[in-house]
Amino acid sequence: MKAAVGRGVPVALYLVLILVPLILALERLMFVTGVNPIQAILHLDEHPFGVDAVVFTFVQAILSATLTLMLGLPIAWWLGRYEWKRIGIIRAALTLPFVTPTVVAAMGFLAMIKQGGLLDSIGIDLRNETGVVGSFSSMIGVEHSGHIIALLLAHAWFNLALVIRFVEPKISTLPPRYENAFRMLPIGHSRLNRLTQFWWPMLRTSILSAFVFTFIFSFTSFALVRWLAPNMWTLEALMAVEGGAAGIPGYRVDVSVLVLGGATLQGLVLLSALAFAGRWQQKQSNEIELVSENFSRKYIGKPTTVPRIGVVVATVYALTPLFLMVLSSVRIRNRTSESYRWSLDAWDYAFRGDLTYASIPEALTNSLVYAGGCLVVSCILGFFVAQSIHNLEQNGQARFAQLVDLLSMLPLALSGVMVGLGVLLGILKIWPVLFSWYALPILPHAMLTTPFVVRILLPAMREIDSSYDDAGKVLGYTTMQRFVRIKLPLLKPQIVVAAALSMAFSLGEFGASWILMRSGAWDTLPVLVDQLMSRPKYFDLVEPIAMATATILMCMTFLLFVIAERFRSHQGGGF
Amino acid sequence: MIRVGFILLVLLFAPLSGCLSTDSITDECVITTSADDKTLTIVTYDIIALSDEVLQEFTNQTGYSIEMIRTDDAGGILEQLLLTKEAPQADLALGLDNTYLQTALDNCLLAPHSATLPDLDPQALVPYAGNMAVPFDQGYVCLNVDTQALEQNNVSYPTTLEELVNEDWRGRTAFPSPTTSSPGRAFMTATIDYFEQQSNMDAMEWWEAMSDNDAIFTSGWTEAYETHYSGGYGVWGEGHIGDAWLTVSYCHSPGVEAYYGGNYTISSALDIDYASFHQVEYAAKVNGGGSQSAVDAFIEFLLSEEININMPENNLMYSVLDGQDLPETDGYRHHSPVPTQPSEITTERIDDEMESWLMDWRKATKAL
């Protein structure tokens, strides 16, 4: 009984933490609008941008996912097929975009497409849409096609690692004898047949999973849309920008309808997409035997010229926006001429700061406090939720375990903006004084990261041999002693990975923080970058200061991912 | 272990709470003040006059430290006050303008100040002269045009708003949205008056015609002026598009351009009767906010000659002190015409009809 209560409390606390603010926010929005969530979806057309935002969200997400596959599949194929020197470094370089905070990605792409930037200097003007891009826009008759292209390229850049991580291992670990056997058949002589009859069935689930996850990330994109496609609205961006007026009785009720309907529609789409991806991944895990990737790679041999060029281009593509962002923090455009000067002034200003805008040390301190708080809350809650699921599984309550597992994943179907608005409006109902509470942003960050902690720890808990625990009992250890002396050391690598990922995610989190900081007083690094970029640029250092701040954020995030990666690669891990 | 985790969580989620006191009733609003904690929390948007040095000086003079809550613009201040009405976070609202003020007053969001005020420009007191809000800067919102672009494209200098629906102006105008931008809201309000006074056309018909003429609508002034306007300083910035020859800004924006550009500007303000709006920005004590003395001290500090006389340079707005004007340095005043006949719409009417104007505007323009 005591054990059951012990298991139940953290699970209940976690569910309260994630569900209560959202339920109260829903209730408040329903009270203000007088419609239920489904009705609100049908009323989205009452907002001037509602329908356009829905259409654009779907179209750009599908196009982004398609483009990502088109760019990512050849790279994944080449990486998986051939024996590469320093494959670890190549993989790390190609993974960097995916772990980059979205606001940093936006700054990197802005630095690349801006007037006088790299693309503009070779005649590709995606910002002002002149020259080739302008002609293309006129030809296809799509307004702001340059902005859309920039957004799609940024989404593809951001999600390239997803395709590689989903597809490449499948290619590199497939036993070569399978393909050889297929080649022996008459149907296997043609390359096209091998592609459609052999590789497509083998890779289908990985490719579709990559497509779905890229779709999800593009569907809920905010920072990239905000900065690269300023005249376009996705549901996420529209809800974020308009959301400040939501939930106020008798004041701009159409905005409350938009937020209620938009969040419901977005939640339904994300849930469906996650359900599809989950089913495919489950199917994939039972399909075929695999071999060591080194064995498979050696069998094919070293890459030829085309794969080499392809992988080099992809690596350059992955690193260029980040490099240009750093460069933009020291290369300053003079206000009244076309010339530039090299200077560290922006860094100096950024570190000294101003009371109106937090300095880098102030914002970094806030970010680190929130990241630390997020780490503590999400690791403790995640650990106990994972432990409860594991215990339920061991006690033969598989269905209940599955239910708790499913509920713990619920925040994955919520975007940052949805969580931010949920916390904002939910907190208003529960305890308005919390608005003034410095630690409030920890709540949405923990809501968003705890599912990842559960996903990292649960497989590791399942792998622990129960004989260790039995041996502890024989030695007369108490439950606490067995936990501290046996379980914790065995789970240490996964706990470090979970902690580092939680902190990194919290540091880079933008959507929820952006919503909450609008009502609070404490800026994080991503919000500071956004605020600086929104500021009238009378002074030529405003944008370089934003770039310097983004650079610091990038470095902090990468440091945490290096820590996580070291523990994951050397000790294994579930996520 | 579970107990330890639980206690940690409880400790982590235990917020500090303030206590309310000093209840009174003014004009059907219950006025409350929370305890004085020696910190003045200001909800504002990006007011550049409030530099680090200026705020530090206030702290040195009064002993009150300052915390800032920043919103996107004046509308964000109102929304923040409305959202947190039950538990106000700020002591002072800084930047509500005369298009938002009446809504704040009607919702009992503000409380009276008791600061000692210097002689103020009578013009600054026209929209509101009560003790619930004090003007701290002012300016006229009007249309700005890129004279060079007009010359290069043989387009005549517009003297009426109706001309802007002509083919010459297709895709060449940028307007910040009145739903999310303070200057946008001011200009939209002026158009209501303009079409009532000057034309048989309805204001919303004009906005619809502008939308059909591919006018660019942006969420904020910054995007309209910096990104789209071809005649402003945005041309030197990153990400400039420059597709609009005309936008909404202040009548003294060309003066600011000249001031920063060594008496050179290609931007000019249009003086069209009733198509400009006298905007006044206010400092006001938040109902339920902190110490009266801190708020009063800040208002007096903000209206002191030392600070307010420098508004044109430090905040790019007019001072509200009596007898003050823009400096003549580098053509600041020369390029800043004062409109002959600004809009005369009252704050009461703005408050009564703004919601329906905004709905009509959004329907007419299909913009945010």
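Predicted model: local features only at pLDDT ≥ 70, side-chain atom pairs only at ≥ 80, totals over all residues.
Residues are numbered from 1 along each chain as its sequence is written, and chains are lettered from A and ligands numbered from 1 in the order in which they are written.

**View 1. Chain A as a whole.**
Start with the helices: chain A has 25 of them, along with two strands (DSSP runs numbered from the N terminus, where a helix is H or I with at least four residues and a strand is E with at least two). The C-alpha trace spans about 75 × 65 × 50 Å along its principal axes. Because a compact globule of 575 residues would have a radius of gyration near 25 Å, the 25 Å of chain A agrees with that expectation (taken over C-alpha atoms; the rule is 2.2 Å times the number of residues to the power 0.38). Of the 575 residues in chain A, 51% are buried, meaning that 20 or more other C-beta atoms, placed from the backbone, lie within 10 Å of the residue's own.

**View 2. The two domains of chain A.**
Domain 1 of chain A covers 1-32 + 353-575, and domain 2 covers 51-234 + 289-328; such bounds come from an automatic or database domain assignment. Their C-alpha centres lie 28 Å apart.

**View 3. Where the domains of chain A touch.**
Here 21 residues of domain 1 of chain A are in contact with 16 residues of domain 2 of chain A (two residues are in contact if their C-beta atoms, placed from the backbone, lie within 7 Å). On the domain 1 side, look for α19 (416-430), α22 (479-508), α24 (525-534) and α25 (542-571) of chain A, which each give two or more residues. The most come from α25(A), with nine residues.

**View 4. The two domains of chain B.**
Now move to chain B, where domain 1 is 21-138 + 280-314 and domain 2 is 140-278 + 334-365. Taken over C-alpha atoms, 28 Å separate the centres of these domains of chain B.

**View 5. Where the domains of chain B touch.**
In chain B, 15 residues of domain 1 are in contact with twelve residues of domain 2. On the domain 1 side, α3 (74-83) and α4 (101-106) of chain B are the elements that give two or more residues. The largest share, four residues, belongs to α4(B).

Terms used
Buried ≥ 20, exposed ≤ 12 C-beta atoms within 10 Å, placed from the backbone.
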